[in-house]
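Please read this briefing alongside the sequence and the coordinates. The points below are grouped by topic.

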Amino acid sequence: MGTVAELQRTCEPHANVPRDLLEWYDRERRDLPWRYAPGEPADPYRVWLSEIMLQQTTVKTVIPFFLKFTEAWPSVADLAASDEESVLQAWAGLGYYSRARNLHTCSRQVVDNFGGNFPPREADLLSLPGIGPYTAAAIASIAFGARATPVDGNIERVVARLFAVREALPNAKRQLRDLAETLTPERRAGDYAQATMDLGATVCTPKRPSCLVCPLQEACEAHSLGIAAQLPYRVAKPAKPVRRGIAFVAVSEEGKVLLRRRPDVGLLARMQEVPSTDWHDKMPVAGEALRNAPVRADWWPVPGLVVHTFTHFRLELEVYRAVVPPSAELTFWADHARCRWVPRADLVGEALPTLMRKVIAHGLAQS
Ligand code: SF4
């Protein structure tokens, strides 16, 4: 990594990047429901909500969720006044559910600690749940016009290419952040941040950057060296470990499905699930697993596996299905307090994560 003086020298060929990128943004920017026209005051609530939703998720996926949330809760005070269960239900399908819990807690802290107004300073934003350095910088620049530099994977890619940074990620993160900061303009920092996001999403894409239509082509070192598509380099990640288990889809003769609320802490905390065995590296032996089924019944294995990838592991679930009479008693280990029978037609409104929707669909597909 270079010194500040070296970085400044490095930056000279890039002096026009902010101007060229802002001109391009004024012509080509994406029209998104949380976007504001240049000069129009931004609502920090909508900026914050969009940035939290966009973490690890594509714009296309986020748009309907953003519209649903802003219709149900038009302000941070409305969201704070709601209950967590409603927020989790509305979030179901968007993944990374700790974001939804933090979203709700954060809305209450904004109301309780900041009088219902998001604080403009990055340091104060960072004190709120679910807001890390990237999101704090994005809100400070987009909602409040501060000279802050959000740096996510898209922006790392653009910067790595502009400066032809050969050091591999993740080691290169600090260098890429420092270089990104040298480019952020004093004025229109929020527009500039969104312009960089748009460029990374639509032109400077991971596999095939469209350098011929890029407004930064002249300043781009990776393009002039012919290595744009190869950057940024990355240290190969080790393969994700695999966990395995058996999930139980119990359907009552009236057509209700047995759901259970997950524990208050840990993965998918407080979301709904169908009961399952613990998840370990080996698939449980069927006979042993069935002794832990939530209801005494004739359980049938459904052919095939449900596979789901989490951030840190891949999960493979076998699914067993049973049709049980309304009088069926839950077994001791099903944990009665957290279980309930839900009509199939109502499953759509439940706070079921994508994994559990896949398990239920698989379990019911051939019934
Ligand atoms: Fe990315 Fe190509 Fe533009 Fe360089 S010229 S910033 S590699 S799209």
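Does arginine 262 count as buried or exposed? With 12% relative accessibility, arginine 262 counts as buried, where buried means under 20% relative accessible area, exposed means over 50% and partly exposed lies in between, computed with a 1.4 Å probe and protein chains only. The model is a predicted one, in which local features need pLDDT of at least 70 and side-chain atom pairs count only at pLDDT 80 or more, while totals for chains, interfaces and linings use all residues. Residues are numbered from 1 along each chain as its sequence is written, and side-chain values use heavy atoms, with hydrogens and water left out.

**Overall architecture**

- The protein contains 15 helices and 6 strands, these being DSSP runs numbered from the N terminus (helices are H or I with at least four residues, strands are E with at least two).
- The C-alpha trace of the protein spans about 75 × 45 × 35 Å along its principal axes, and buried residues account for 48% of the 367 residues.
- Of the contacts (heavy atoms within 4.5 Å) between residues at least 6 apart in sequence, 69% join residues at least 24 apart.

**Surface and charge**

- The protein has 44 positive and 42 negative charges, whose mean positions are 5 Å apart; Lys and Arg count as positive and Asp and Glu as negative, without His or the chain ends, and each charge is placed at NZ of Lys, CZ of Arg, CG of Asp or CD of Glu.

**Helix 2**

- The 12 residues of helix 2 (residues 17-28) should span 16 Å at 1.5 Å a residue, and the end C-alpha atoms of helix 2 are 16 Å apart, which agrees; the expected span is 1.5 Å times one less than the number of residues.
- Val17, Pro18, Leu21, Leu22, Trp24 and Tyr25 are buried in helix 2.
- The partners against which the buried residues of helix 2 pack are helix 10 (153-162), helix 11 (173-183) and helix 12 (189-202).

**Backbone exceptions**

- Most residues other than glycine have a negative phi, and most peptide bonds are trans.
- The peptide bond from leucine 169 to proline 170 is cis, with omega near 10°, and proline 170 sits in the loop between helix 10 and helix 11.
- A cis peptide bond also runs from leucine 231 to proline 232, with omega near -5°; proline 232 belongs to the loop between helix 13 (221-225) and strand 1 (242-252).
- Glutamine 56, in the loop between helix 3 (44-54) and helix 4 (59-72), has a positive phi near 60° and counts as exposed at 62% relative accessibility.
- Arginine 270 has a positive phi of about 65° although it is not a glycine, and it counts as partly exposed at 22% relative accessibility.

**Surroundings of arginine 262**

- Arginine 262 is placed in the loop between strand 2 and strand 3, and arginine 270 is found in the loop between strand 2 (256-261) and strand 3 (272-273).
- Not counting residues up to four places away in sequence, arginine 262 touches Leu267, Leu268, Arg270, Met271, Glu273, Trp279 and Arg338.
- Arginine 262 and glutamate 28 are 45 Å apart, C-alpha to C-alpha, and 234 residues apart in sequence.
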